[in-house]
Amino acid sequence: CGGDDSGDGFSFINVADSQGSTESDYAHYNEVLSRAETTFEDAVFITHLGDMVDDGINEDYWSWVLDTEEMQSLPVLPVAGNHEGRSEVGDLPIAIKAHYHLDIPEQDDSTGIYYSYQYENATFIVLNTNDGDNAVSETQLAWAEGVAQEANADPDNDWLIVLTHKAPYSKGPHGDESDVLALRDTLNAFCAEYCVDLVLSG
């Protein structure tokens with residue numbers, strides 16, 4: 001484990017759970033985001049750890065969270081939360097996919113999406129923690145292992161970062177649910193084996 005992290009580096013803004021049921025709820029979120037963008041002027045993108053909206057089928061919610069100067073000032077890399085799910089609405093099984101243009105691997109996206117991206121010397125693995133009873137399916141885990149192996153073999157890659165919606169460790173009401181406990185076991189083993197530097201969760 002370990003790489004050369006002595007370079008100039010970069011900054012990004014990390015947010016989660018902007019969901020709300022009124023326009024003013026989203027206005028509060030965008031006010032916080034505006035302050036973050038002012039504080040971290042050098043940020044190059046935003047990671048959103050899921051539950052962007054309270055109900056993925058409600059386009060007013062999407063408009064209130066996305067059609068703002070704050071959310072359009074930087075690229076946003078989304079993580080699928082459980083509230084974005086859109087079911088039985090034509091060919092849009094998951095609303096986050098309908099609102100973002102992402103290069104995702106072939107997958108069952110009925111519960112969310114997973115993908116990876118690289119920025120400078122960092123590789124980000126974005127997991128879908130709605131993927132089955134164990135939060136992350138065997139298929140998704142195998143894909144993530146392949147991404148991690150490639151990142152670790154790349155001499156220019158110094159950071160391996162995992163983004164999830166569900167938190168493997170939480171004092172919240174979901175902390176002892178079976179899928180979260182399964183996610184904890186999976187991520188503990190994954191992070192140890194592949195030298196993950198950082199996990200950010202919603």
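This note sets out several points on the predicted model shown above.

1. **Empty space in general.** Rolling a probe the size of a water molecule over the atoms shows where empty space is left. Two kinds of space are treated below, an open pocket and a cavity from which the probe cannot get out.

2. **The largest pocket.** The largest pocket holds about 280 Å³ of space. Its lining consists of 16 residues, and those closest to the centre are Asn-82, His-165, Lys-166, Ala-167 and His-174. By class, the lining of this pocket comprises eight polar, five charged and three nonpolar residues.

3. **The cavity.** There is one cavity of 30 Å³ or more, and the space in the largest cavity comes to about 50 Å³. Leu-127, Val-136, Leu-141, Ala-144, Leu-183, Thr-186, Leu-187 and Phe-190 line the largest cavity. Helices α5 (138-153) and α6 (178-194) each contribute at least two residues to this lining; the largest share, four residues, belongs to α6. Seven of the lining residues are nonpolar and one is polar, while no charged residue takes part.

4. **Aromatic rings.** A pair of aromatic rings is described by the distance of the centres and the angle of the planes. The structure contains 15 aromatic pairs. In one of them, Phe-10 and Tyr-119, the ring centres are 4.8 Å apart and the planes stand at 70 degrees, so the pair is edge-to-face. This pair links distant parts of the chain, with Phe-10 in the segment before β1 (11-15) and Tyr-119 in strand β4 (residues 115-119), 109 residues apart. Phe-10 is partly exposed, at 24% relative accessibility, and Tyr-119 is also partly exposed, at 26%. Both rings belong to one aromatic cluster, formed by Phe-10, Phe-12, Phe-45, Tyr-115, Tyr-117, Tyr-119 and Phe-124.

5. **Cysteines.** A disulfide is a covalent bond between the sulfur atoms of two cysteines. How many disulfides does the count give? The count is zero disulfides. Cys-191 is buried, since its relative accessible area is 17% and buried means under 20%.

6. **Thr-68.** Is Thr-68 buried or exposed? Thr-68 is counted as buried because its relative accessibility is 16%. Thr-68 sits in the loop between α2 (59-66) and α3 (69-72). Its side chain makes a polar contact of 3.1 Å with the side chain of Asn-30.

Conventions
Residues are numbered from 1 along each chain as its sequence is written. This is a predicted model: local features need pLDDT of at least 70, side-chain atom pairs count only at pLDDT 80 or more; totals for chains, interfaces and linings use all residues. Side-chain values use heavy atoms; hydrogens and water are left out. On a 1 Å grid over the protein atoms alone, a cavity is a set of points where a 1.4 Å probe fits but cannot get out, and a pocket is an open set with protein on both sides within 12 Å along at least five of seven lines; lining residues have an atom within 4 Å of a point. Grid points are joined across faces, edges and corners, and a volume is the space filled by probe spheres set on the points. Ala, Val, Leu, Ile, Met, Phe, Trp, Tyr, Cys and Pro count as nonpolar, Asp, Glu, Lys and Arg as charged, and the others, Gly among them, as polar. Buried means under 20% relative accessible area, exposed over 50%, partly exposed in between (1.4 Å probe, protein chains only). A polar contact is a pair of N or O atoms within 3.5 Å; within protein, one must be able to donate a hydrogen and the other to accept it, and residues adjacent in sequence count only if both atoms are side-chain atoms. A disulfide is a pair of cysteine sulfur atoms within 2.5 Å. Rings of Phe, Tyr and Trp (its six-membered ring) pair if their centres lie within 6.5 Å; planes under 30 degrees apart count as stacked, over 60 as edge-to-face and the rest as tilted.
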